[in-house]
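Please look over the two chains shown below before reading on.

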Amino acid sequence: MKKITFTSVLSQLLLLFFVVAWIVPTFGLFISSLRDKDVLAISGWWTSFTTTEINEIYRTEGKDAQIKDGNYYFIKSNLFDGGQEKEIFRFGVTSKNIDEYEVGETALFKDQTEITVFENGDYVWKSKEEFKKKKGKRIFVSAKSPPSFTLDNYKEVLLKEGLGQAFLNTLAVALPATLIPLIICSYFAYALTWMKFYGRDILLATIIASLVVPLQMCLIPVLTIYNDFGALFGVSAKSFPGIWMAHTGFGLASTTFLLWNFLKTLPSEMIEAARVDGATHYDTFIKIVVPLSIPSFASIFILQFLWVWNDLLVGLVFLDKHPSEIILTAKLKELLGSRGENWEILTTGAFVSMTVPLFIFFSLQRYFIRGLVAGSIKG
Amino acid sequence: MSIFSLAITVLIGVLFFVAFFHFSNFLLDYFRVRASKKFALENSIRVIIFIAPAFIVLFVFILYPVFETIRLSFYDKIGENFVGLYNYSWAIKDPDFKRSIINNLGWLIVVPTMSTFFGLVIANLADRVWWGSIAKSIIFMPMAISFVGAGVIWKFMYDYRGPGDQQIGLLNAIAVSLGFEPQAWLTIPIWNNLFLMAIMIWIQTGLALVIFSAALRSIPNETLDAARIDGASELKIFWSIIVPFLEQTILVIWTIITILVLKVFDIIYAMTNGQWQTEVLANLMYDWMFRGGGDSGRGSVLAFCILIGVTPILAWNLYRHKQDQKV
């Protein structure tokens with residue numbers, strides 16, 4: 001047992017502070033995505049774990065709902081649309097005095113009609129004369145709302161806001177944009193490591209230099225090539241194969257560099273022995289190098305996949321904003337502009353876009369970290 | 001598009017490349033066996049098969065565009081007429097450009113420093129407690145999510161409601177409970193840059209943390225124990241042993257984050273789009289790529305400025321690579 005010292009307590013507290021500060025923003029987003037949208041708009045997410053008192057406005061039904069009973073006309077209904085677990089404790093009928101009456105008491109409107117509101121939202125509205133107005137009256141209630149969570153926001157976002165389609169689009173961009181560079185770079189890195197040819201060193205230096213070339217340097221010319229290509233063949237300049245190749249290009253240097261770094265650690269005797277036995281470079285590559293490189297492939301796959309999944313800029317430039325092509329990050333940015341105040345849409349949308357990265361993070365963290373530590377310079 | 005047609009497209013795209021390598025090598029082997037004498041060209045052709053696809057992609061997407069962008073920076077908005085240094089003189093006079101340079105410099109100073117510092121401190125703290133690996137996992141997590149996702153997370157933290165209303169943004173709720181007025185954080189010039197930088201620090205601290213954690217394990221325990229026996233305080237050990245020992249690692253992390261910060265785009269674009277004096281080079285460049293039908297000359301000048309920013313690091317990487325090759 002280590003003894004408990006002042007320093008160790010202090011470091012635990014300090015670390016705890018960092019952990020809390022780092023997790024709270026994401027946690028708040030997650031909790032908010034599970035809350036009812038009306039409650040979310042008027043109270044902080046940290047209040048959602050306790051029973052809260054909220055003030056709300058509801059409207060009674062209009063003349064269509066009235067029934068005649070004896071000398072009186074009645075409208076009997078429930079203020080809530082049903083399904084809400086709120087408990088009313090006070091109510092009012094004017095905006096000046098929103099909690100004038102205890103629940104169960106009878107309130108008098110200006111037009112001499114009477115209303116009684118009960119705890120569960122039921123109300124009885126009574127009048128001597130027939131109700132004439134189509135619209136009902138406003139009722140102000142103070143209610144206690146127990147903690148409640150719902151998946152409604154997810155349904156709304158995935159089906160109505162088109163995030164479900166954007167999710168599929170992102171997948172259709174990210175998988176090939178990860179696999180294609182992995183395939184062509186593994187051959188390339190093999191050639192750079194084990195084949196002798198003129199200009200190899202210059203090619204390697206070019207890869208190292210390309211590692212840090214900012215993406216912005218390439219956008220305008222590549223877009224021009226795409227536009228010319230599209231015009232020449234009468235096809236759209238923005239397409240899935242187009243963005244796969246763009247991501248392949250922008251991820252090529254880092255993928256090659258990481259693979260080269262790994263391949264050169266393989267024992268050269270093994271490769272040379274295979275060559276002496278008459279195996280071609282292709283056989284050596286497929287039968288010896290690839291099986292040995294699986295862990296490093298996994299790391300690189302994860303890095304590139306997350307990079308593509310999380311990318312916004314390439315997706316904006318090389319894909320249409322049309323629902324059938326838009327990717328998650330671009331869609332999320334669009335929602336930030338158009339639905340900036342609809343936090344139920346934004347928080348849920350953001351969380352949907354984070355599901356795949358978080359799943360990879362928690363299940364394959366080891367490979368992810370290995371890849372990052374191996375050298376995470378990306379152009 | 002339906003799931004099915006998307007899946008087919010994806011499959012064809014990937015299989016195309018697998019098939020290319022398979023059949024080209026198969027053909028080569030076929031002719032090699034058929035040839036009576038030793039097939040002299042075999043090796044050269046094999047090299048070409050191995051490097052051609054990657055090289056073509058490298059050329060089309062990186063090498064050619066870099067030089068083309070430099071060329072375009074001397075041409076007009078549609079890239080047809082030579083205008084000399086006109087785009088550069090425009091940039092120097094442009095207030096947005098000046099603002100971007102100042103902001104980028106701010107980002108360059110604050111973000112790498114803070115991320116590296118937090119990463120180093122947390123790596124040290126986490127090494128001492130039994131729940132350190134959980135703590136590291138949590139702080140590392142933002143690395144996995146997108147800048148736009150992080151943008152939404154923090155926009156929610158910074159949310160602003162009028163003074164009378166319930167605050168739903170955590171930062172304003174804290175401010176109000178401490179007796180301050182709520183603020184629309186992202187619209188306060190100068191300070192809003194710090195609130196945007198906080199997002200990047202929040203993300204990149206995790207990167208620094210994992211790399212430092214790996215490096216910390218290489219410090220010999222004897223050295224640390226010896227210092228403790230001699231009565232050195234933990235703070236003294238941190239500054240006089242650990243920090244000097246990790247000098248190389250600190251430098252590496254610094255450069256990685258610096259490169260990233262020079263290109264920062266998503267956060268600005270999603271949060272403020274350069275309003276309230278938060279403009280940065282990458283966002284301004286994107287803006288000019290499409291503003292008024294697009295101005296490739298001005299866009300290229302701005303991209304070139306980012307390249308100039310990373311050039312020292314590029315040169316340093318090449319130098320180190322050359323040193324490694326010699327050994």
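In strand β7(A), I115(A) and V117(A) form the covered face, while E114(A) and T116(A) form the uncovered one. Strands here are DSSP runs of E with at least two residues, and helices are DSSP runs of H or I with at least four residues, both numbered from the N terminus. The model is predicted, and local features need pLDDT of at least 70, side-chain atom pairs count only at pLDDT 80 or more, and totals for chains, interfaces and linings use all residues. Residues are numbered from 1 along each chain as its sequence is written, while chains are lettered from A and ligands numbered from 1 in the order in which they are written.

**The sheet around β7(A)**

Strand β7 of chain A covers residues 114–117 and runs antiparallel to strand β8 of chain A, residues 122–127, with four bridges joining the two. Two strands count as paired if DSSP finds at least two bridges between them.

Which residue has a positive phi in the turn between β7(A) and β8(A)? That residue is G121(A), with a phi of about 100°, in a hairpin that has four residues between the strands. The hairpin of β6(A) and β7(A) has five residues between its strands, and Q112(A) takes a positive phi near 70°.

These strands belong to an open sheet of five strands in chain A, with the order β2-β3-β8-β7-β6 and antiparallel pairing. Its edge strands are β2 (67–69) and β6 (106–108) of chain A, each of which pairs on one side only. From one strand to the next, the twist averages 30°. Angles are taken between N-to-C directions and run from 0 to 180 degrees, with axes as lines fitted to C-alpha atoms, for helices over the stretch in contact.

**Helices and domains of chain A**

Two packed helices are described by the angle between their axes and the distance between the axes. In chain A, helix α1 (residues 6–33) and helix α12 (residues 343–374) have axes that come within 8 Å and cross at roughly 115°. On the α1(A) side, L29(A), F30(A), S32(A) and S33(A) meet W343(A), T347(A), T348(A), A350(A) and F351(A) of α12(A). Such a contact requires C-beta atoms, placed from the backbone, to lie within 7 Å.

An automatic or database domain assignment supplies the domain bounds. For chain A the assignment gives domain 1 (6–47), domain 2 (52–146) and domain 3 (154–374). The C-alpha centres of domain 1 and domain 3 of chain A are 33 Å apart. Their contact takes seven residues from domain 1 of chain A and six residues from domain 3 of chain A. On the domain 1 side, α1 and α2 (37–42) of chain A each supply at least two residues. The largest share of that side, four residues, comes from α1(A).

**The two chains in numbers**

| Item | Chain A | Chain B |
|---|---|---|
| Helices and strands | twelve helices, nine strands | 14 helices, zero strands |
| C-alpha extent along the principal axes | roughly 110 × 75 × 35 Å | about 90 × 65 × 50 Å |
| Residues that count as buried | 42% of 379 | 41% of 327 |

Chain B has 14 helices and zero strands. Its radius of gyration is 26 Å, well over the 20 Å that the globule rule gives for 327 residues, so chain B is more spread out than a compact globule. The radius is taken over C-alpha atoms, and the rule is 2.2 Å times the number of residues to the power 0.38.

**A residue of chain B**

Chain B is divided into domain 1 (3–72) and domain 2 (94–326), and the C-alpha centres of these two domains lie 39 Å apart. Helix α8 of chain B, residues 191–216, holds Q204(B). Is Q204(B) buried or exposed? Q204(B) is buried, because 24 other C-beta atoms lie within 10 Å. The cut-offs are 20 or more other C-beta atoms within 10 Å for buried, 12 or fewer for exposed, and partly exposed in between, with C-beta atoms placed from the backbone. Leaving out residues up to four places away in sequence, Q204(B) touches V111(B), S115(B) and I257(B). Q204(B) and I253(B) are 49 residues apart in sequence, and their C-alpha atoms are 9.7 Å apart in space.

Conventions. Contact = placed C-beta atoms within 7 Å.
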